[in-house]
Amino acid sequence: MLDLRFFRFLSLFAAMLWLVGCVQSRDQFIAPNKVILAEQTPNSHFEQEVMISRIGQVLLVGKLSQAERAELHFERGVLYDALGLWGLARYDFTQALALQPKMVAVYNYLGLYLLLEQDYDGALEAFNTVLDLDPSYAYSHLNRGLNFYYVQRYNLAQEDLMAFHQADPTDPYRVLWLYLNEQKLKPQQAYANLVERAKGLSKEFWGTNIVQYYLGNISIAELQERAQKFAENPQQFAEILTETYFYLAKQKLNSGETDDASALFRLAVANQVYNFVEYRFAVFELMKLNPLMNDDETKNAMLRSKSSDF
């Protein structure tokens, strides 16, 4: 019998290596005449590509049970997703679901893809299925909350985002999404709620610094300085760039500065941190801001995810 623990280990190892290689400069974070992006290197995803090849070989020639085959399709789908090959990931997730119809995580991924395609009803059905199968699956509360948020059903979004926040009150990203939703639902209370929730945040997350910036407790210059100190390696700095550009863009968008927001969303996308929520929804926001897909960077991001769709 195939030892799936080996593949689980390799997929977890590969997931740690998916970030783009090096950062061009860490001297400045946000500057008027200089754009800071993560460098792209030809071998930055080599380990994931090798793992995908190995899984493909096992699927082709291995004697597998349905459960084992479903697990391998799922593992390869996760790797494709991390590489931004969302079409191939979707194919593998669909294959996994055909073999094992109750794979909860698969419904969550497929629901997310439907949401990013603005198929809100299909996405809602997928997230509801996840929570029917496993009510403790916290990230479907986030994704269903985002689904409600983007169709302006802010009261329903609040319920899901609050459930997601309560599962880990120390996570600043959960607090940020609650704040963004409350700016629409109850703007008079949003800031005060953010102040209160910020008290319980963990300093281990970079996002806690973004919350402090949102509160007005630190400036952009201080945010830059903290970023330089916080990032322990180039990969982590790439994460910081993606997250920060996204939440700065949301702030600009909510204040009506759509041109600045669009530019910041592009910077979040340009770092190619494909399986971060902030990358996915930067692409999504750009599609909404540029419905005719005139923006080449947005178009390229979506073509990369759809060109291999089955």
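User: Is Glu125 buried or exposed?
Analyst: Glu125 is exposed, with a relative accessible area of 57%. That's a value computed from a predicted model, so the call rests on the cut-off that exposed means over 50%.

User: Okay, and which helix is Glu125 in?
Analyst: Glu125 is found in helix H6, which covers residues 120–133.

User: How far apart are the C-alpha atoms of Glu125 and Tyr107?
Analyst: Those two C-alpha atoms are separated by 9.2 Å. Along the chain, Glu125 and Tyr107 are 18 residues apart.

User: Zooming out now. How many helices and strands does the protein have?
Analyst: The count is 16 helices and zero strands.

User: And what share of the residues is buried?
Analyst: Buried residues make up 54% of the 310 residues in the protein. As for contacts with a separation of 6 or more, 60% of them are between residues 24 or more positions apart.

User: Switching to charges. How many salt bridges are there?
Analyst: Searching the whole structure turns up ten salt bridges. Side chains of opposite charge can pair when their charged atoms come close.

User: Give me one. What does Asp160 pair with?
Analyst: Asp160 forms a salt bridge with Arg144, and their closest N and O atoms are 2.7 Å apart. This pair links distant parts of the chain: Asp160 sits in helix H8 (residues 154–167) and Arg144 in helix H7 (residues 138–150), 16 residues apart.

User: Are those two buried or exposed?
Analyst: Asp160 is buried, and Arg144 is buried too.

User: Which residue meets Lys250 in a salt bridge?
Analyst: That's Glu285, with 2.8 Å from N to O. Here too the pair links distant parts of the chain, with Lys250 in helix H13 (residues 234–254) and Glu285 in helix H15 (residues 277–289), 35 residues apart. Both Lys250 and Glu285 are buried.

User: What about Lys229 and Glu225, how far is it from N to O?
Analyst: The side chains of Lys229 and Glu225 meet in a salt bridge at 3.3 Å, N to O. Both residues belong to helix H12 (residues 220–230), and because they are four residues apart there, about one helical turn separates them.

User: Is Lys229 buried or exposed?
Analyst: Lys229 is exposed, with a relative accessible area of 64%.

User: Which residues in H8 and H9 meet?
Analyst: On the H8 side they include Tyr154, Gln158, Leu161 and Phe164, and on the H9 side they include Val175, Trp177, Leu178 and Asn181. By class, this contact of H8 with H9 has ten nonpolar, four polar and three charged residues.

User: You mentioned Gln158. Is Gln158 buried or exposed?
Analyst: Gln158 lies in helix H8, and it is buried, with a relative accessible area of 9%. The cut-off for buried is under 20%, so 9% qualifies.

User: Last one: what is Gln158 in contact with, leaving aside its neighbours within four places in sequence?
Analyst: Gln158 is in contact with Leu178, Asn181, Glu182, Leu185, Lys186 and Arg197.

Methods
Residues are numbered from 1 along each chain as its sequence is written. This is a predicted model: local features need pLDDT of at least 70, side-chain atom pairs count only at pLDDT 80 or more; totals for chains, interfaces and linings use all residues. Side-chain values use heavy atoms; hydrogens and water are left out. A salt bridge is a side-chain nitrogen of Lys or Arg within 4 Å of a carboxyl oxygen of Asp or Glu. Helices (H or I, at least four residues) and strands (E, at least two) are DSSP runs, numbered from the N terminus. Buried means under 20% relative accessible area, exposed over 50%, partly exposed in between (1.4 Å probe, protein chains only). Contact means heavy atoms within 4.5 Å. Ala, Val, Leu, Ile, Met, Phe, Trp, Tyr, Cys and Pro count as nonpolar, Asp, Glu, Lys and Arg as charged, and the others, Gly among them, as polar.
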